[in-house]
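Here is a short tour of one protein chain. Keep the sequence and the 3D view side by side as you read.

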Amino acid sequence: MPDRFPASTRVPHLLHGGDYNPEQWIDSPEVWDQDMRLMKLAGVNIVSLGIFSWAMLEPEEGRFEFGWMDTILDKLAANGIAVNLATPTGAKPNWMAAKYEEIRRCEPNGRRDPQQARHNHCYTSPVYRAKATLINTKLAERYGKHPALVMWHISNEYGGECHCPLCKAAFRRWLQNRYASLDALNHAWWTTFWSHRYTDWSQIEAIDSGVHGLVLDWKRFVSDQTADFMRHEIEPLKRITPEVPVTTNLMGTYPVLNYWKLAEVCDVVSWDSYPEWHVGDLFDMAHGPAFAHDLTRSLKHKPFLLMESTPSQVNWNKVSPLKRPGVHRLTSLQAVAHGSDAVMYFQWRKSRGSYEKFHGAVVDHVGHENTRVFGEVAALGGTLKKLDAVVGGVTDAKAAVIYDWENRWAIDSEAGPQNQHKAYEHTCRQWHRPLWQRGVTVDVNDMVQDLSPYQLVIAPMLYMLRPGVAERLESFVQRGGTLVTTYFTGMVDQSDLCFLGGFPGPLRKLLGIWAEETDALPEGATQSVEATAKGAAFGLSGSYQAMHFADLVHVEAATCEVLATYGSDFYQGRPAATVNRVGKGRAIHIAARTEQRLLDDVANKLIDSLALPTALKTTPPTGVSVQRRGEGKDAHLFLMNFSEREQKVTLDAGNYVDIETSAKHTKIVALPAYASFVLLHE
């Protein structure tokens, strides 16, 4: 039997529920009773409770009011609904901000922020850490044995940074631990440039964007300090309730924090998914969360939780269309297909006032179940009850795309030939897309993860190479792996110091090329890329358009072959795509940013030549995503039509049964617009 990693052994089902804010209705207890009735109608089996409740739990310093939460937890337990109980540290009370100035963040210019919004506290402040420990301890002591408690929800959407004196001092200590001496730091940051050499640790301020090593290390520090604060929050919970798992809600590719650092602290990873459905092509929109689902799953290589989504619309985009009928089910099952053990919402009941009063919810202001949205949520709840067999299950990935936060930070901060269209994340998603369209299970890893499980590794724009990465990539290829790299690769080390001796630096021998220059193509300008006869073996044929980046490379290794050349300008005829055979494997390099069609052609050829496992042997039609979750007889096939017209999917040989309707399918399945089916192979 394949390994299983359920988020909670206490709830052996897919989790279905969302953020519940009963304290907003503390003066209307009849609403609480109505909520219990409606939750059962909607198939809700868990709620996230107390996320922004600090002011209600501790209305003034040292005076705690738990009576309302006691009542709610008891009601939930009596109705068979579990609780993901939050620590309330994502929003500090007004009394605390007024009394303790040091807990309010500072801007880079030293200005102390006023009390406003949320996620506005200093992670370094001893006062705030003490206050967090106190409230978390009281929650664990009071509710640690409550029958409703199945998980801890640590704060909410960690983010932001602080430049207060406490954080500056902590950053300098962090640097002292990293470099030991100012001489080492000055070399790593190349501070002789612009006469920025430091002669005392106190001179270091995290505001100089011209010192790229400083920019990188500040971002690393912010991630480390956030993770350290998380550990501080978790300590009393684990000490009092060691058996209760902890999670926190991440935000996909959120650029401020390195989520690999936060994932180390959690038992289970979660994320909040809010794509702009119906703003543009729905299939294009669907690829964004698919990439983020795969990334979140890869953070622990276990199932994750979709902690927040909207059942209807958000309220903070320029335009926030409603989800069309069927799309809520479709997008929710997409998360499950990619490895989520939960479909949860922000929010259960719409707030009557304040910023998110018009944000989507299961229960609208009308207050009853007779709405389209509630009906769709309840129907999905029924579907999820029939998917117990997928809980905790994963699908082994044989392909990986490298998306690395530290590499992103380095690219974002560098000043180079192409500052208008760097698009690192977009490029990673472009390479992920053809694998997703073919139904290949893909891990999305950072550059330091183990490569041994994979046959194919795609590393777009690997501008920065951390120590040991080049060696791991070479070993991967030597053992028989296929590596794909692109332009803007192997240029700097972990301190953003350029490699000497020619690019792509430590990967020069592995790729068999020297990238002498990079041409930056202005807005609207293109270059042609022409496939060679040898390019056909890698899916290339005819001509492609290139834009933005074009590396001028020399072939250096006798084992390196040219797959495509440039078609114009002074570098006409120079290599634009190459492959170098090393050991049992091969390293492919795409030297220019091209139209999606070239990436699709190369990726599809590699899928076929490597015989990568796909959800189906046939290719789904454009607009349809087919994903497989699980292994062997437990594998579930998810068919999802992200288009506005009926689509037909050709199944593999054998008989399939719909897990909801028990309908039998062979050969062809007709998917109506926005439809989603889950099938088992008999």
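Is strand β4 (residues 149–153) largely enclosed by the rest of the structure, or left open, and how many of its residues are buried? The count is 5 of 5, so β4 is largely enclosed. Bear in mind that this is a predicted model.

**The barrel**

Strand β4 belongs to a barrel. Its 8 strands close in the order β1-β2-β3-β4-β5-β6-β7-β8, with parallel pairing. From one strand to the next, the twist averages 30°.

Look at both partners of β4. On one side is strand β3 (residues 82–86), paired with β4 in the parallel sense over 4 bridges. Here L85 stands opposite W152 of β4. Strand β5 (residues 246–250) also runs parallel to β4, and 2 bridges join them. Strands of a sheet pair through backbone hydrogen bonds, either parallel or antiparallel.

Helix α3 (residues 67–78) lies across β1 (15–20), β2 (46–49) and β3. Its direction is at about 170° to β2. Helix α11 (residues 327–337) lies across β7 (304–308) and β8 (340–345). The angle between α11 and β8 is about 145°.

**A covered helix**

Next, find helix α10, which spans residues 282–298. It has 17 residues and reaches 25 Å from its first C-alpha to its last. That is close to the 24 Å expected at 1.5 Å a residue. Helix α10 is mostly covered, with 15 of its 17 residues buried. D281 caps its N-terminal end. A side-chain oxygen of D281 lies 3.1 Å from the backbone nitrogen of F283.

**A buried glutamate**

Which residues does E376 touch, leaving aside its neighbours within four places in sequence? They are R324, P325, G326, V327 and H328. E376 sits in helix α12 (residues 372–384). Its relative accessible area is 17%, and because buried means under 20%, E376 counts as buried.

**Charged pairs**

Side chains of opposite charge can pair when their charged atoms come close. The model has 42 salt bridges. Three of them are set out here.

| Salt bridge | Closest N to O distance |
|---|---|
| E157 and R118 | 3.7 Å |
| D224 and K261 | 3.6 Å |

Start with E157 and R118, which form a salt bridge. This pair links distant parts of the chain, 39 residues apart. E157 is in the loop between β4 and α6 (165–179), while R118 is in the loop between α4 (94–99) and α5 (126–143). E157 is buried, at 12% relative accessibility. R118 is partly exposed, with a relative accessible area of 35%.

E205 lies in the loop between α7 (182–189) and α8 (212–240), and R172 lies in helix α6, so the pair ties together parts that are 33 residues apart in sequence. E205 is partly exposed at 26% relative accessibility. R172 is buried at 17%.

The remaining pair in the table is D224 and K261. D224 is in helix α8 and K261 in helix α9 (residues 259–263), and the two are 37 residues apart. D224 counts as partly exposed, at 24% relative accessibility. K261 is partly exposed too, with a relative accessible area of 29%.

Salt bridges can also join into a network. One such network links R178, D217, R220, D404, E406, D446 and R466.

**The open sheet**

Finally, turn to an open sheet of 5 strands. Their order is β20-β21-β26-β23-β24, and the pairing is antiparallel. Which strands stand at the edges? They are β20 (624–629) and β24 (664–665). Each has a single partner strand, so one side of each is left without a neighbour in the sheet.

Within this sheet, strand β23 (residues 656–658) and strand β26 (residues 676–681) run antiparallel, joined by 3 bridges. Y656 stands opposite H681 in β26. In a regular strand the side chains alternate between the two faces of the sheet.

Note on methods
Residues are numbered from 1 along each chain as its sequence is written. This is a predicted model: local features need pLDDT of at least 70, side-chain atom pairs count only at pLDDT 80 or more; totals for chains, interfaces and linings use all residues. Side-chain values use heavy atoms; hydrogens and water are left out. The expected span of a helix is 1.5 Å times one less than its number of residues. Buried means under 20% relative accessible area, exposed over 50%, partly exposed in between (1.4 Å probe, protein chains only). A polar contact is a pair of N or O atoms within 3.5 Å; within protein, one must be able to donate a hydrogen and the other to accept it, and residues adjacent in sequence count only if both atoms are side-chain atoms. Contact means heavy atoms within 4.5 Å. Two strands pair if DSSP finds at least two bridges between them. Axes are lines fitted to C-alpha atoms, for helices over the stretch in contact, and angles run from 0 to 180 degrees between N-to-C directions. A salt bridge is a side-chain nitrogen of Lys or Arg within 4 Å of a carboxyl oxygen of Asp or Glu.
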